[in-house]
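Subject: Structure handover, salt bridges

Hello,

Please find the structure below. My notes on its salt bridges follow.

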Amino acid sequence: MPSTIEWTDETWNPVTGCKRVSPGCDHCYMFTLYPRLKGMGVAGYSTSPDDVTLIPERLNIPYTWKKPRHVFVNSMSDVFHNRIPFDFIYRIFKVMQEASYNHGHVFQVLTKRPGRAVAWWRTYENAFPDGWPPGVWIGTSVENQKYAPRLTVLARLPAAIRFVSAEPLLEQVDLMPWLENGELHWVIVGGESGLGARPMEINWVRCLRDQSVNSSVPFFLKQLGGSRNKQSGDTAVIDGRQWREMPISE
């Protein structure tokens, strides 16, 4: 379905449900939206947000989109959650491979479990004789310096575009070790929003912007965050300008 997430056009959820694994998950929007969707009787939301539900009937949806678009995969889950079978992940990847090749879509996979992503790829890479599908970007979340090593694990995946989502950004983070050696190709930053949102300092954003610019890596400021107004879109401004840079797909 069309997305209000600033760095994508569409969301595609062949899986729903997830589990919190680090501080960035504390106020995850999925846990707020899930009960509403359950109350509306939407398929895939009949149990608990902590349960993982596979929805195979949604796998073919990308084939119906004829106009090329950026697609955030599993915005209501994590493709590499440990309760998603490897064979189902393979089916997701085959759809992404075919739909990107035939329709020009770009699929954006964001995970907090890059280790399982690596384990899956090492198991299934022979099923992709041409290598990692070029239309599939892979990213991980880094909310503070403690979780920056996720990027070292992510770098083991041979994707053309590897990215980081520093959202919610909870402290100043140094990404230079991964930017300098070419392991990161896109940096997204955002403050937390909604009830109980933890504040993000502008200098943390400036620091990541400067790291990205100095490394010639696209930088995208999604939102400044806030409990009442998340300060996105035209109001996501630092030092007098917006930052909405995107990688260029081959």
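A salt bridge here is a side-chain nitrogen of Lys or Arg within 4 Å of a carboxyl oxygen of Asp or Glu. Please keep in mind that this is a predicted model.

By that criterion, Arg 206 and Asp 239 are joined through their side chains, with N to O at 2.9 Å. Arg 206 belongs to helix α6 (residues 202–214), while Asp 239 is in the segment after β9 (219–223), so this pair ties together parts that are 33 residues apart in sequence. Arg 206 is partly exposed, at 27% relative accessible area, and Asp 239 is partly exposed as well, at 46%.

There is also a network: Glu 6, Glu 167, Lys 222 and Lys 230 are linked into one by salt bridges that share partners.

Two further pairs may be of use to you.

- Glu 143 and Arg 150: their side chains form a salt bridge of 3.4 Å, N to O. Buried means under 20% relative accessible area. Glu 143 has 1% relative accessibility and therefore counts as buried; Arg 150 has 10%, so that residue counts as buried too.
- Arg 198 and Glu 192: the closest N and O atoms of this salt bridge are 2.8 Å apart. Glu 192 is buried, with a relative accessible area of 7%, whereas Arg 198 is partly exposed at 22%.

Over the whole structure, the search finds eleven salt bridges, and the pairs described above are among them.

Regards

Notes
Residues numbered from 1 in each chain as written. Predicted model: local features only at pLDDT ≥ 70, side-chain atom pairs only at ≥ 80, totals over all residues. Heavy atoms only, no water. Buried < 20%, exposed > 50% of the residue type's maximum accessible area, 1.4 Å probe, protein only. Helix = DSSP H or I, 4+ residues; strand = E, 2+ residues; numbered from the N terminus.
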